[in-house]
Amino acid sequence: MKIGLIRHAKVLCRDPFFSNGELFNMGRKAYDSSAVAEAIIRIRQEDFPVCYVSTRLRAIATAKAIYPGNFITTDELVEVTSTAIFLLKMNLPSSLRSVIGRVGWFFNYHKMPETRFQSNERARKFLTGLITGTHQDTLLVTHGFFMQSLRHELRKLGFKGHCPYFPPNAKLYIFEKK
């Protein structure tokens, strides 16, 4: 069985260089509703007869552009939410706020909307259900940060494959279990 992971196409949205907590969180919402650049990759339905897609607009737009068949949308593949967690009134570089949020996620900080433990558990449940429910090769159109949880759980389930820590947009990574 093969499982293909694809991060959505590049989002056409830029964060302000500096932001306070409220502006940063508004930027995350704008990112969620922004358009995406055209993806140049095309996936044949014969290679992946089943396709699951995150319910975020950027993932759905990517799936429509790269996959010719029908696909199933699911909240189980949505991105790990990034949010400002402290120093909310202070202007900080938006990139620093993003890094702080990801570090908080990694260390299971209780103020995060979802911790690393919860993300990995969500990935495990989804993949376990997928593997027991179908033995067809499956494509997953998801998000860069959540791909880390998927990669982690795929390896625990005996799949072999590679996906970089910061996967580029609209590139296919294949995990296979013989």
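A polar contact is here a pair of N or O atoms within 3.5 Å, of which, within protein, one must be able to donate a hydrogen and the other to accept it. In the predicted model described here, the side chain of His 143 makes such a contact with the side chain of Arg 58, at 3.4 Å. His 143 is located in the loop that runs between strand S6 and helix H5 (146-156). Its relative accessible area is 0%, so His 143 is buried. When neighbours within four places in sequence are left aside, the residues in contact with His 143 are Arg 7, His 8, Ser 54, Arg 56, Arg 58, Ala 59, Leu 77, Val 78 and Glu 79. One of these, Val 78, is 65 residues from His 143 in sequence, yet the two C-alpha atoms are 6.8 Å apart in space.

Strand S6 itself comprises residues 138-142 and includes Thr 138. Thr 138 counts as buried because its relative accessibility is 0%, and buried residues are those under 20%. The side chain of Thr 138 reaches the backbone oxygen of Gln 136 at a distance of 2.9 Å. Beyond neighbours within four places in sequence, Thr 138 is in contact with Met 1, Lys 2, Ile 3, Gly 4, Phe 48, Val 50, Tyr 52 and Leu 130.

Helix H1 consists of twelve residues, 21-32. At 1.5 Å a residue H1 should span 16 Å, and the 17 Å between its end C-alpha atoms agrees with this expectation. At the start of the helix, a side-chain oxygen of Asn 20 comes to within 3.2 Å of the backbone nitrogen of Glu 22. The buried residues of H1 are Gly 21, Phe 24, Gly 27, Arg 28 and Tyr 31. These residues cover an arc of only 120° around the axis and therefore lie on the same side of H1. In general, an α-helix has 3.6 residues a turn, so residues three or four places apart point the same way. Glu 22 and Lys 29, on the other side of H1, are exposed. The cover over the buried residues of H1 includes strand S1 (2-7), strand S2 (18-19), helix H2 (57-66) and helix H3 (94-106).

H1 also contributes to the largest pocket, supplying six residues, the largest share of the lining. H1 and H3 each supply at least two residues of that lining. The pocket holds about 1,000 Å³ of space and is lined by 32 residues, of which Arg 7, Arg 28, Tyr 31, Ser 98 and Arg 102 lie nearest its centre.

A search of the whole structure for cavities of 30 Å³ or more finds one. The largest cavity has a volume of about 40 Å³, and its lining is formed by Thr 83, Ala 84, Ile 85, Phe 86, Arg 97, Ile 100 and Gly 101.

Asn 108 is situated in the loop between H3 and helix H4 (116-133). With a relative accessible area of 31%, Asn 108 is partly exposed. A polar atom of the Asn 108 side chain lies 2.9 Å from the backbone nitrogen of Phe 117. Not counting residues up to four places away in sequence, Asn 108 touches Thr 115, Arg 116 and Phe 117. The C-alpha atoms of Asn 108 and Asn 70 are separated by 36 Å, with the two residues 38 apart along the chain.

Notes:
Residues are numbered from 1 along each chain as its sequence is written. This is a predicted model: local features need pLDDT of at least 70, side-chain atom pairs count only at pLDDT 80 or more; totals for chains, interfaces and linings use all residues. Side-chain values use heavy atoms; hydrogens and water are left out. Helices (H or I, at least four residues) and strands (E, at least two) are DSSP runs, numbered from the N terminus. The expected span of a helix is 1.5 Å times one less than its number of residues. Buried means under 20% relative accessible area, exposed over 50%, partly exposed in between (1.4 Å probe, protein chains only). The arc is that of the directions from the helix axis to the C-beta atoms. Contact means heavy atoms within 4.5 Å. On a 1 Å grid over the protein atoms alone, a cavity is a set of points where a 1.4 Å probe fits but cannot get out, and a pocket is an open set with protein on both sides within 12 Å along at least five of seven lines; lining residues have an atom within 4 Å of a point. Grid points are joined across faces, edges and corners, and a volume is the space filled by probe spheres set on the points.
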